[in-house]
Amino acid sequence: MKKLSLIIPVLSVSALPLMAWAQSAEPETEQDDFEKITVTAQRKSESLQDAAIPINAASGSRLEKMGVSNAEGLNKVSPALTVSSGGGANTAYFIRGVGNFTNNGYTNPAVSFNIDGVYIGRPSSTISSFLDLDRVEVLKGPQGTLYGRNSTGGAINVVSKAPVLYENSGRIKLEVGNYSAYNLTAVGNFEVTDDSALRLAGVISKRDGFFEDGTSDADDTALRASYFIIASDDLTFRITADYSTQKGAGAGIQYNGHYGFAAFQPDLPVPNWVWRPAPDALSGSFTGLHGEGVGEYIAQNVASAPGFMPYDGFVYPTRDDSYWGVNAEINYDLGWSELTIIPAHRVSKLDNAFNGPPFKAAINQDEAKQTSIEARLSGGDDTLEWILGALYFDETVSGVNAYNQFSTVTHNDWQSDVQSSSLFARATYSLTEDLRLVAGLRFTDDTYEINATQTASAIVCLEHPEGRAPFCPQIPSMPVALTLADTLGMIDPALFPTGSPLNADGSITPGARPFGPINYFAPVQFGPGAIFAITPGMTSEKDSDSQMTYRAAVEYDVTDKNLLYTSYESGFRAGGFNLAEGREFYAPEYIDAYTIGSKNRFFSNKLELNLEAFYWEYKDQQLAALGLDTNGNNAFYTRNVGASSIKGIEADFQYALASSTLLRGGVQLLNAVYDSYEYTQVDLSDAGIDPPNFLTPVNTCQNTQGIFVGDNLVAYDPALDVEGAKRGFTIDCSGKDAINAPDLTVSLGLQHTIEFTDFALIGNMDARYRGERELGFNYIPGGRADSDVTIDAALTLVSNDGYWTVNAFVRNLTNETIAATYQLGSGNISGAAYEPPRTFGVSVNYEF
């Protein structure tokens with residue numbers, strides 16, 4: 001609250017020139033050349049310009065013109081937002097550098113995703129969310145009082161169109177484009193009775209892959225039905241059901257090269273590791289990991305710990321996911337208040353096989369079931385407006401998955417359960433007609449539990465050469481299968497000289513045993529070339545977190561067209577569990593956010609200008625990333641890395657140059673830095689054999705070697721560095737930029753309309769610049785994306801009767817190759833997922 005006391009005087013001073021400008025610019029007559037957007041981000045209907053919160057929004061029609069048909073397209077809605085797709089159904093959301101790379105059944109999203117007011121626990125990229133939309137709202141910063149769970153970074157609200165009473169109408173849209181793309185959308189609105197209506201919508205969307213190997217394709221279908229009824233003068237009821245599927249190969253990965261071991265070579269950008277880029281023929285844009293010759297090159301040039309066998313056998317990805325849900329919204333006028341109840345139930349079933357630099361294959365077969373109910377009472381008068389509410393959320397996710405990294409494979413069979421209950425309240429008190437105070441609070445209680453069995457299996461090469469890494473070319477890599485029994489069943493039993501760990505009755509004997517052909521001659525030592533080690537594990541944990549979060553704000557109407565506001569809001573994201581030995585727990589994270597903003601219209605409503613300055617403080621920030629568990633096995637786990645500070649300014653505008661010409665744009669200046677970012681990692685070098693700082697982690701952070709004593713990593717001591725000791729590193733990335741946080745983002749667009757006798761021709765062009773940004777948590781040179789500029793253009797023909805629309809479009813006009821994610825995995829192979837290349841096409845829309 002100390003910072004809030006400083007913000008209010010600054011706001012008061014900054015208001016003076018705006019007040020003078022607004023009063024001098026106030027016209028005698030006004031016009032409105034802008035699209036009106038009504039938002040419900042504050043649990044009430046209000047104009048976007050009247051919402052005194054950090055928010056960007058776009059209508060369904062605007063999203064359609066921009067080509068936003070899935071979550072990744074939301075990058076165009078807000079300069080603060082970054083959305084990217086990883087393997088399988090994973091969709092990553094970042095707002096100003098805060099987010100998750102992966103949202104699985106036992107991690108919590110930092111940016112909450114809400115569909116028609118329902119919090120979605122597993123925000124994968126279901127396309128039913130973007131079917132027949134009314135609008136999308138992007139809320140920036142913690143939503144600690146009005147929204148469901150874990151909204152530390154912000155919230156994305158997707159709102160579908162509601163049935164319209166007394167109307168029978170529909171539309172059909174067909175779109176075709178390059179990459180053999182086609183999209184067929186149909187929407188119908190039907191009057192059922194005088195007091196009820198039904199709305200149906202469906203889409204079929206297909207496209208060949210952007211990559212030469214066929215990945216990053218689309219094969220999607222979605223259906224939605226919504227029924228609305230006015231049951232009485234006081235009661236309305238809306239129920240919605242949706243179903244969608246996503247098939248095909250899923251996201252593709254481009255192989256860029258790998259880091260080779262180069263111990264103690266001077267002046268390397270990454271200490272002890274030299275970058276070996278892939279040949280141009282294999283690393284060209286959109287070749288793909290499964291492109292011709294890529295796998296063969298990797299197999300000949302890469303071997304990774306601990307098996308040090310050739311990399312081969314990348315499994316081609318597949319995707320077969322389905323989602324369905326039903327939700328309702330009941331509104332009852334009690335006279336003294338309005339009661340809103342939103343019950344919902346959703347189910348998602350994922351069946352993915354995907355890969356990339358870390359994985360020969362990752363297989364996920366998960367099912368998530370969530371049930372929630374939210375109830376709100378709202379009321380008040382011109383002096384006091386208030387909201388009281390409660391939310392109950394229950395989610396069960398069960399799954400079987402396997403993560404195969406050639407030398408190692410982890411098999412998990414797990415179930416996670418979350419129950420979240422919260423009470424919230426917000427009040428707005430008008431001191432005068434123009435000055436308002438806002439206060440809100442929310443108490444949240446989360447209980448979460450996980451029960452899992454897991455096995456970590458590793459092939460360990462037994463060579464101990466001098467001056468180079470081991471190499472066991474005669475040892476096969478791990479076969480790909482969903483269970484360990486199936487994996488072992490695919491291995492020739494003759495490779496186990498003392499007998500296979502897979503028993504005749506299907507059980508498995510853990511431990512380490514010789515593995516591989518017998519070596520009889522020098523220079524290789526006598527005996528089997530490797531060992532095969534199986535380490536079983538079990539995780540059965542239950543924990544809870546509870547937290548009170550707050551909001552305090554001041555709103556001031558300088559005029560009826562100029563709004564100033566300042567706010568403080570806190571938020572938290574619950575802790576949870578990992579399926580990684582020695583990394584089972586992570587703690588909650590906390591955020592305090594301070595904002596000064598203004599929303600303005602000037603010059604007879606010809607100019608709309610919105611400004612925002614922000615400062616966020618994070619503590620115990622969670623970061624989900626690949627790493628090593630305490631047994632030295634590769635694992636994906638969430639850790640609390642420390643703290644960060646995020647500050648900057650954002651502005652967006654619209655200016656009607658003429659009644660037929662609209663200029664629009666926005667800019668964000670951002671400084672997002674990790675003030676404290678530290679974690680530990682196991683060192684795979686051999687104590688008592690290898691020299692200190694031999695196998696340093698592949699990053700440009702500060703790596704300090706130590707020795708594990710129990711679970712504690714202590715300072716390196718030669719007396720402790722004896723054979724059998726467990727080495728480790730403390731990795732300190734403090735002072736590094738936050739991930740997906742470009743320091744400058746600029747957008748600029750122009751729309752021009754030419755009227756003819758029977759039709760209008762509308763031209764749109766939008767450009768976007770993003771500065772350099774970190775894409776990976778390793779902070780290595782290839783993980784920092786260059787600045788880029790993208791341009792989208794469209795030419796739309798609209799009949800004057802409004803029935804016909806023909807739209808020709810091109811997106812990413814200059815065909816920029818833009819990395820969306822960056823991965824460095826087993827074998828120190830690096831790769832990237834890309835944003836779409838240049839796409840173009842034409843659509844025909846008929847409304848009736």
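Among contacts in the protein between residues at least 6 apart in sequence, 66% link residues at least 24 apart. The model is a predicted one. Its secondary structure consists of 5 helices and 44 strands.

The overall dimensions were computed next. The radius of gyration is 28 Å. A compact globule of 848 residues would have a value near 29 Å, so the protein agrees with that expectation. Along the principal axes, the C-alpha atoms fill a box of roughly 95 × 55 × 50 Å. Buried residues make up 55% of the 848. The exposed surface comes to about 33,800 Å². Carbon and sulfur atoms supply 57% of that area.

Aromatic side chains were examined as pairs and clusters. The count of aromatic pairs is 34. One aromatic cluster is formed by Phe-261, Phe-264, Trp-273 and Phe-694. Two arginines lie over the faces of tyrosine rings. Arg-43 sits over Tyr-147, at 4.5 Å from the ring centre. Arg-639 is placed over the face of Tyr-679, with a distance of 4.5 Å from the ring centre.

Two individual positions were then considered in detail. Asp-545 belongs to strand S25, which spans residues 527-559. Its relative accessibility is 13%, under the 20% limit, and Asp-545 therefore counts as buried. Neighbours within four places in sequence aside, Asp-545 contacts Thr-444, Asp-445, Asp-446, Tyr-448, Phe-572, Ala-574, Gly-575 and Pro-588. Tyr-448 is also a polar partner: the side chains of Asp-545 and Tyr-448 make a polar contact at 2.5 Å. Asp-445, another residue in the contact list, lies 100 residues from Asp-545 along the chain. The C-alpha atoms of Asp-545 and Asp-445 are separated by 5.9 Å.

The relative accessible area of Val-722 is 44%, which falls between the 20% and 50% limits, so the residue is partly exposed. With neighbours within four places in sequence left aside, Val-722 is in contact with Ala-687 and Gly-688. The separation between Val-722 and Ser-169 was also computed. These residues are 553 apart along the chain, and their C-alpha atoms are 79 Å apart.

Methods. Residues numbered from 1 in each chain as written. Predicted model: local features only at pLDDT ≥ 70, side-chain atom pairs only at ≥ 80, totals over all residues. Heavy atoms only, no water. Phe/Tyr/Trp six-rings, centres within 6.5 Å; stacked < 30°, edge-to-face > 60°. Lys NZ or Arg CZ within 6 Å of the ring centre and 35° of its normal. Helix = DSSP H or I, 4+ residues; strand = E, 2+ residues; numbered from the N terminus. Buried < 20%, exposed > 50% of the residue type's maximum accessible area, 1.4 Å probe, protein only. Contact = heavy atoms within 4.5 Å. Polar contact = N/O pair within 3.5 Å; in protein donor to acceptor, adjacent residues only side chain to side chain. Rg over C-alpha atoms; globule rule 2.2 N^0.38 Å. Areas by Shrake-Rupley, 256 points an atom, 1.4 Å probe, with all protein chains shown as cover.
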